[in-house]
Amino acid sequence: MNYITVENVSRAFADKVLFKDLSLGINQGQKIGFVAKNGYGKSTLLNIITRAEEPDSGNVAYRSDLRMAFLSQEPNLNPEMTIEEVILDSDVPTMKIIADYEHSMANPDDADMMQKALDAMDAANAWDFETKYRQILSKLKLDDLTQKVGKLSGGQKKRIAMAMALLSDPQLLIMDEPTNHLDLEMIEWLEAYFKQEDYTILMVTHDRYFLDRVCNEIIELDQGQLYTYKGNYSYYVEKKQERLEIAQTNQEKAQQLYKKELTWMRRQPKARRTKSKSRIDDFYVIKEAAHNRRKDHQVELEINMQRMGTKVVELHKLSKSFGDKHLIKDFSYNFIRGERLGIIGKNGTGKSTFLNMITGALTPDTGKVVIGETVKIGYYTQGGIEVKPGQKVIDVVKEYGEYIPLNKGKIISASQLLERFMFDNKKKHDFVEKLSGGERKRLYLCTVLIQNPNFLILDEPTNDLDIPTLNVLENFLMDFPGCIIVVSHDRYFMDKIVDHLFVFNQSGNITDFPGNYSDFRAYVGNTDIALDKDATEEEKPVIVKKVETTTAAPTSGPTREQQKMLSRMENKIKQLEELKKKLQDSFLDPNIHADQMTENSIQLEKTKAQQEELEMEWLELSEQIAKN
């Protein structure tokens, strides 16, 4: 059954043509992921499909009785309303019946009101919907419905809009970046929800795991053309590569034919005969094909950053509270060179607070942060970049640095860095106010990187970035020789970049997990992740698992996840052993200063303690495997 037909739509802004004569159909049961680079017109096409924006030409036809919901990137909600009022302001009659029922339950003494509410629920057959209503609000953490919308964060507003879209019971759900501002628990719940619910979906998202697990079709907008792939994101990546290889082969053939025809053209007399005209026409077609090279950019930065000393970043008994809310309790940790840390936890557990204390933007209530003298921190925040009116893209980057020194005595200029992050010559000299949200994020990344930091802190760097830019950033970070701390809800990104995790909990404790996000999920399984609230400060945090109703068959030997955890522990132990040896060797230096010797002695004892603790964890896991 066809829901929407898009016929020959075109859209341009000034001299920039986004797309021309695009056509597609959306049919019942399709779960479509729509992918393209930033600036290629993803959001514009969604706006045209939902009639939020008119095309320059073409039209969009809807099935007459279609129920459709649209979740935009920036929901437009009345700031004077409460959360409940905004939700009830939708066009779903059942919502008002459920709200009356909820109010009657809160006033049990009014028997007449309660009876009327019960009768209305029965008449509308609203009991199943009421269960769904409660589940959605609970999973999206919309507990206090009396809050005014104007006082909420952007993430909270996005969750309200998501709840409204789901509760409107649409046949077709169109979403622009649905996972932005959702924590990992919400994203995984949403994945499972879309698998069980009979929605037809069209969505734009940079979350590659979400695309892989929800979608059954990928449509790509690439250089003004649509390409359809009948499978999930993994299938799309495979088939797109095949398409590009075929295009490359065809281009090489066209170039060879072009050279041959060019030789023939040069041999032709000035007065060409009529019978040669078709061959001459074909020559110009071949010429266009031969010169139609793709403009993809690959980033391969080998930055020659300042070398770190033995002291990197030390956290000594950090604590931070806001009112009665304890975000971080008595936390200590010493970073070592080359460390790659991911931070996960529910919204509001103190992840950004933790980063702000490391960078000095926020002072801890107790404890201290010690930064090594050779450490240069680059901090990418959620707030983004502030630019002056009338500034051009290239000038913004040059304010932070003219070039980055590379290995082998080479440099990369501010202009070259922008090119590597997909700003072409024209875009580099555009005014910043003309950039899209994703392009501004890319520009912000460039301003952080051109300062040549050796300790990178990235707070939600993947929000609003397209998938090609994510690949660029990932390739850069995989080769980055310094320390990295990443806070991100992008599981694919985290899996690719980090070696271990800090798991933040509502109680203020932090668990150090030796693995990436997929390792962590495999370890805890389908569980509630929590820390023991009654544990003393000296006790380690624990992971509490649900009791399973079925008994798993005994396994022989370590699982794949256990093997990976053992390997990561062994690598970390090896790093600590190398650091310990270096500190011990420093005492043999006759020129070592007394203060430096004292500092190295303290660092050596801490390294030994950290190594012993990790070796004990390795031994416990090995014994657990042996028992299985």
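## Asn78 and its surroundings

Setting aside neighbours within four places in sequence, Asn78 is in contact with Val86 and Val149. In this predicted model, Asn78 sits in the loop that runs between strand E5 (68–71) and helix H2 (83–88), and with a relative accessible area of 37% it is partly exposed. A polar atom of the Asn78 side chain lies 2.9 Å from the backbone nitrogen of Glu80. Asn78 and Lys148 are 70 residues apart along the chain, yet their C-alpha atoms are separated by 9.1 Å.

## The chain as a whole

The chain contains 20 helices and 20 strands, and of its 628 residues 46% are buried. When contacts between residues at least 6 apart in sequence are considered, 67% of them join residues at least 24 apart.

## Helices H5 and H7

Helix H5 (residues 127–139) packs with helix H7 (residues 184–196) at an angle of about 150 degrees, and their axes are 10 Å apart. Because angles over 145 degrees count as roughly antiparallel, H5 is described as roughly antiparallel to H7. On the H5 side the contact is made by Lys132, Gln135, Ile136 and Lys139, and on the H7 side by Met186, Trp189 and Tyr193. By class, the residues of this contact comprise four nonpolar, one polar and two charged.

Leu184, which also lies in helix H7, counts as buried at 8% relative accessibility. Apart from its neighbours within four places in sequence, Leu184 is in contact with Ile344, His489, Arg491 and Tyr517. Leu184 and Gly345 are 161 residues apart in sequence, while the C-alpha to C-alpha distance between them is 7.6 Å.

## Helix H18

Tyr517, one of the residues in contact with Leu184, belongs to helix H18 (residues 517–524), in which Tyr517, Asp519, Phe520 and Val524 are buried. Viewed down the axis of H18, these buried residues fall within an arc of 155 degrees, and therefore they line one face of the helix. At the start of H18, a side-chain oxygen of Asn516 comes to within 3.3 Å of the backbone nitrogen of Ser518.

Tyr236 is located in helix H9 (residues 233–267) and, at 6% relative accessibility, counts as buried. Not counting residues up to four places away in sequence, Tyr236 touches Val35, Ile218, Glu220 and Tyr229. Tyr236 and Glu217 are 19 residues apart in sequence, and their C-alpha atoms are 8.3 Å apart in space.

Gln610 is part of helix H20 (residues 594–627), and its 19% relative accessibility places it among the buried residues, for which the cut-off is under 20%. Residues up to four places away in sequence again not being counted, Gln610 touches Tyr333, Asn334, Lys572 and Leu576.

## Gln391 in a loop

Gln391 has its place in the loop between strand E14 (377–380) and helix H12 (393–398), and at 11% relative accessibility Gln391 counts as buried. A polar contact of 2.8 Å joins its side chain to that of Glu399. Once neighbours within four places in sequence are left aside, the residues in contact with Gln391 are Val396, Glu399, Asp430, Phe431, Val432 and Glu433.

Most residues other than glycine have a negative phi. Against that background, Lys141 has a phi near 55 degrees, a positive value in a residue that is not glycine, and Glu460, likewise not a glycine, has a positive phi of about 50 degrees.

Lys141 lies in the loop between H5 and helix H6 (154–167), where at 32% relative accessibility it counts as partly exposed. Glu460 lies in the loop between strand E17 (455–459) and helix H16 (467–479), and at 4% relative accessibility Glu460 counts as buried.

Key
Residues are numbered from 1 along each chain as its sequence is written. This is a predicted model: local features need pLDDT of at least 70, side-chain atom pairs count only at pLDDT 80 or more; totals for chains, interfaces and linings use all residues. Side-chain values use heavy atoms; hydrogens and water are left out. Buried means under 20% relative accessible area, exposed over 50%, partly exposed in between (1.4 Å probe, protein chains only). Helices (H or I, at least four residues) and strands (E, at least two) are DSSP runs, numbered from the N terminus. The arc is that of the directions from the helix axis to the C-beta atoms. A polar contact is a pair of N or O atoms within 3.5 Å; within protein, one must be able to donate a hydrogen and the other to accept it, and residues adjacent in sequence count only if both atoms are side-chain atoms. Axes are lines fitted to C-alpha atoms, for helices over the stretch in contact, and angles run from 0 to 180 degrees between N-to-C directions. Angles under 35 degrees count as roughly parallel, over 145 as roughly antiparallel, 65 to 115 as roughly perpendicular and the rest as oblique. Contact means heavy atoms within 4.5 Å. Ala, Val, Leu, Ile, Met, Phe, Trp, Tyr, Cys and Pro count as nonpolar, Asp, Glu, Lys and Arg as charged, and the others, Gly among them, as polar.
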